Amino acid sequence: MRIDLHTHSTESDGTDTPAELVAAAAAAGLSAVALTDHDTAAGWAEAADALPPGLKLVRGAELSCASDDGRGRVITVHLLAYLYDPTSPALVEEQLRLRLERRHRLRRMAERMVEDGFPIDPDELMAAMPTDAPAGRPHLAMALIRAGVVSTVNEAFARYLTGGRYYVPRTDTPVARAIEMITEAGGVTVLAHPFAVSRGPIVTDEVVADLAGLGLAGVEVDHPDHDLPTRVRLRRLAGELGLLPTGSSDYHGTNKTVRLGAETTSPEVLDALADRATGCKILVG
């Protein structure tokens, strides 16, 4: 069995619709795929309706959270939430806040670029996304590509969208509160790409241990942004803390070069995650 537990659709910052994503997952030979759009469950229904025969759908989301990094700084960490009840009131309220803040943030970043003469239109940028969609920097990166400013999403992030004049911070959910909300909603949580230094500051081993004590179920070990020594270190840490080690592609369609199923999770780990969840079940096409 080949299982990919971290993918994105057009409901956040991917380029495949939820229906296209599950079709692509089946074509890639996956037996299970998780839809984990940023701060939304909006794609679940479409993915479920289009689920190919035999493919399992793990319903989830990727939550942007704030955490102490263990060195006295507050940084952003990403939490993968699986099989939770999306109607849980506290979670609904917080995800709405995050989506609204993402839209405001993205417009302000685009406006700053226009002030400096960049050939993009903030109104067109925002109008191209569904009203309730979580707006992300990849949307602005794609606008910069279309305008001929950069050639790739990675170039856009490196030159303009990570720090500097055009970067606008956001107020993320405290990671302890996010774990608590997902647990209350019957779901399970996995820390996404926790040691991916190419993405910026990372947490210490001690912070991961603290999160395990708060109910974190697993850590994403096999990820395109983790090199081999990092994977070895993280797998060892997971074993010491009793955390489940997952593997995922973090697929975004054509917004990134990583293919579906580039990294995978063992069936035993998926079963263990599902056994802990009471919010909703894995769907089978």
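Domain bounds come from an automatic or database domain assignment.

**View 1. Domain organisation of the predicted model.** The assignment divides the protein into domain 1 (3-95 + 171-284) and domain 2 (100-161). A distance of 25 Å separates the C-alpha centres of domain 1 and domain 2. Where the two domains meet, nine residues of domain 1 are in contact with eight residues of domain 2.

**View 2. The second largest pocket, with lining residues from domain 1 and domain 2.** This pocket holds about 200 Å³ of space. Its lining comprises 14 residues, and those nearest the pocket centre are Gly-14, Ala-128, Met-129, His-139 and Arg-146. Domain 1 (3-95 + 171-284) and domain 2 (100-161) each supply at least three residues to the lining. Among the contributors, helix α5 (residues 137-146) gives the most, with four residues. Sorted by class, the lining of the second largest pocket consists of seven nonpolar, five polar and two charged residues.

**View 3. Packing of helix α8 (residues 205-213) with helix α9 (residues 228-241).** Two packed helices are described by the angle between their axes and the distance between the axes. For α8 and α9, the angle is about 35 degrees and the axes are 11 Å apart. The crossing of α8 past α9 is right-handed. From α8, the contact is formed by Asp-205, Val-208, Ala-209 and Ala-212, while α9 provides Arg-233, Leu-237 and Leu-241. In this contact of α8 with α9, five residues are nonpolar, two are charged and none is polar.

Notes: Residues numbered from 1 in each chain as written. Predicted model: local features only at pLDDT ≥ 70, side-chain atom pairs only at ≥ 80, totals over all residues. Heavy atoms only, no water. 1 Å grid on protein atoms, 1.4 Å probe; cavity = no way out; pocket = protein on both sides within 12 Å on 5 of 7 lines; lining within 4 Å. Points joined across faces, edges and corners; volume = space filled by probe spheres on them. Helix = DSSP H or I, 4+ residues; strand = E, 2+ residues; numbered from the N terminus. Nonpolar A, V, L, I, M, F, W, Y, C, P; charged D, E, K, R; others polar. Axes fitted to C-alpha atoms, helices over the stretch in contact; angles between N-to-C directions. Left-handed = near helix turned anticlockwise from the far one by under 90°. Contact = heavy atoms within 4.5 Å.
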